[in-house]
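My notes follow in the order I checked things.

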Amino acid sequence: MERIVHPIDAVFDKNSEIVILGSFPSVKSREYGFFYGHPQNRFWRVIARICGEDTPQSIEDKKAFLLRNHIALWDVIESCEITGSADSSIKNVVPNELNKILTTADIKAVFTNGKTAQRLYEKYNKCGFEAVCLPSTSPANAAWSEDMLFDYWSERIKEYL
């Protein structure tokens, strides 16, 4: 198990209205250099559909998409020990400093992408926002189809976008 420092910067600006937090980037995302880089992760397809847009493809398109739709994106963890991409193996967490987003933007809601992100957010972040836990878009969450994810996420996020 190795200690890994989060390699991807938060995406946000002063117009961001919601924050979506994952736990920590997978091996594929770390290789790709951006959030939700595994081709089977449904995040980009689900969030684009909620916003009524085509799924962004390049990293630059994804950043522009997030900012255009007032979405901040980051992870709860700044560094940790992890084996591969397994959230269950995460140990010795150092949390990200979410105040850098919260003091820049007028955030209306915080969402977590999956139960691990929710648990870690509740444990480490005392920023005054209760986070709404959304089911994980990870391919490991096979119990939720893409349509089910879209319906659940859309019902909770749409009022803020």
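**Charged pairs**

I started with Glu60 and Lys63, which form a salt bridge with 3.9 Å between the closest N and O atoms. The model is predicted, so I keep in mind that side-chain atom pairs count only at pLDDT 80 or more. Why is the separation about one helical turn? Glu60 and Lys63 are 3 residues apart in helix α3, and therefore about one helical turn separates them. I then checked accessibility. Glu60 counts as exposed, because its relative accessibility is 54% and the exposed class begins over 50%. Lys63 comes out as partly exposed, with a relative accessible area of 31%.

How many salt bridges does the structure hold? I found 6. As background, side chains of opposite charge can pair when their charged atoms come close.

Next I looked at Glu53 and Arg68. Their closest N and O atoms are 2.6 Å apart, in a salt bridge. This pair links distant parts of the chain: Glu53 sits in the loop between α2 and α3, Arg68 in helix α3, and 15 residues lie from one to the other in numbering. I noted Glu53 as partly exposed, at 25% relative accessible area. Arg68 is also listed as partly exposed, with 47%.

I have Arg49 as partly exposed at 37% relative accessibility. Asp147 is partly exposed at 45%.

**Nonpolar core**

I turned to the largest nonpolar core, which has 48 residues. Which residues have the most contacts inside it? They are Ile20, Trp44, Ile47 and Trp153. Helix α2 gives the most to this core, with 6 residues.

I followed up on Trp153. Leaving aside neighbours within four places in sequence, Trp153 is in contact with Ile20 and Ile47, among others. I also logged Phe43, Val46 and Ile50 as contacts of Trp153.

**Helix α5**

Last, I checked helix α5, residues 115–124. Which of its residues are buried? I found Thr116, Ala117, Gln118, Leu120 and Tyr121.

Definitions and conventions: Residues numbered from 1 in each chain as written. Predicted model: local features only at pLDDT ≥ 70, side-chain atom pairs only at ≥ 80, totals over all residues. Heavy atoms only, no water. Buried < 20%, exposed > 50% of the residue type's maximum accessible area, 1.4 Å probe, protein only. Helix = DSSP H or I, 4+ residues; strand = E, 2+ residues; numbered from the N terminus. Salt bridge = Lys/Arg side-chain N within 4 Å of Asp/Glu carboxyl O. Core = buried A, V, L, I, M, F, W, Y, C linked by side-chain atoms within 4.5 Å. Contact = heavy atoms within 4.5 Å.
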